[in-house]
Amino acid sequence: MQEAVSKKQLNNLGENMYQGFKDLTVYKLSYKLAMEIFNISKNFPKEEKYSLTDQIRRSSRSVPTNIAEAYRKRRYPKHFVSKLTDSECSETIVWIDFAFNCGYINKRQHAYFNTKYEEVGKCLVQ
């Protein structure tokens, strides 16, 4: 499990300029999850295209996007930390719950995404 970003790690991020956001474990995991959600949402009913499908894709993609934005602002600790919230993770979990309760994903997928997004969220907040 990935640890939350500490102040020491935050300071080190500014010093290690060679390290890009794509190297961050939390970015890699959140990007992978967004792609997995994209793939499973292809099977959602057409009537969900502009509601559940769109919302779950948008919120899942916001997680790695916010990590990338925060990384670019790492020289400004308050801005960096403000971008690293787990709100998009929580929103995605709610959409996953809707997908499960509507019968679009199975129990195993539901448990998997809940566990993984909780893991991402824990990495983002202290």
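**Exercise 1. At what angle do H2 and H3 pack, and how far apart are their axes?**

Solution. H2 and H3 pack at an angle of about 165°, with axes 8 Å apart. Axes are lines fitted to C-alpha atoms, for helices over the stretch in contact, and angles run from 0 to 180 degrees between N-to-C directions. Helices (H or I, at least four residues) are DSSP runs, numbered from the N terminus. The model is predicted: local features need pLDDT of at least 70, side-chain atom pairs count only at pLDDT 80 or more, and totals for chains, interfaces and linings use all residues. Residues are numbered from 1 along each chain as its sequence is written, and side-chain values use heavy atoms, with hydrogens and water left out.

Step 1. Angles under 35 degrees count as roughly parallel, over 145 as roughly antiparallel, 65 to 115 as roughly perpendicular and the rest as oblique. H2 and H3 are therefore roughly antiparallel.

Step 2. The crossing of H2 past H3 is left-handed, a term for a near helix turned anticlockwise from the far one by less than a right angle, with clockwise being right-handed.

Step 3. On the H2 side the contact (heavy atoms within 4.5 Å) includes Val-26, Tyr-27, Ala-34 and Phe-38. On the H3 side, Thr-53, Ile-56, Pro-64 and Ile-67 are among the residues.

Step 4. The contact of H2 with H3 divides into ten nonpolar, four polar and two charged residues. Here Ala, Val, Leu, Ile, Met, Phe, Trp, Tyr, Cys and Pro count as nonpolar, Asp, Glu, Lys and Arg as charged, and the others, Gly among them, as polar.

**Exercise 2. Is Thr-53 buried or exposed?**

Solution. Thr-53 is a residue of helix H3. Its relative accessibility is 6%, so Thr-53 counts as buried. The cut-offs are under 20% relative accessible area for buried, over 50% for exposed and in between for partly exposed (1.4 Å probe, protein chains only). Apart from neighbours within four places in sequence, Thr-53 is in contact with Ser-41, Phe-44 and Glu-48.

**Exercise 3. How do H3 and H5 cross?**

Solution.

Step 1. The two axes come within 9 Å and cross at roughly 155°. H3 and H5 are therefore roughly antiparallel to each other.

Step 2. H3 passes H5 in a left-handed crossing. Among the residues in contact are Leu-52, Ile-56 and Val-63 of H3, with Cys-89, Trp-95 and Ile-96 of H5.

Step 3. By class, this contact has eight nonpolar, six polar and three charged residues.

**Exercise 4. Which residues touch the most other members of the largest nonpolar core?**

Solution.

Step 1. A nonpolar core is a set of buried Ala, Val, Leu, Ile, Met, Phe, Trp, Tyr and Cys residues joined through side-chain atoms within 4.5 Å. The largest has 25 residues, and Leu-24, Val-26, Ile-67, Phe-113, Tyr-117 and Val-120 touch the most other members.

Step 2. Two or more residues each come from helix H2 (25–41), helix H3 (49–72), helix H5 (87–101) and helix H6 (107–124).

Step 3. Beyond its neighbours within four places in sequence, Phe-113 contacts Leu-33, Glu-36, Ile-37, Ile-40 and Ile-96.

**Exercise 5. Where does Glu-118 lie?**

Solution. Glu-118 lies in helix H6. Glu-118 counts as partly exposed because its relative accessibility is 43%. Its C-alpha atom is separated by 7.4 Å from that of Cys-89, 29 residues apart along the chain.
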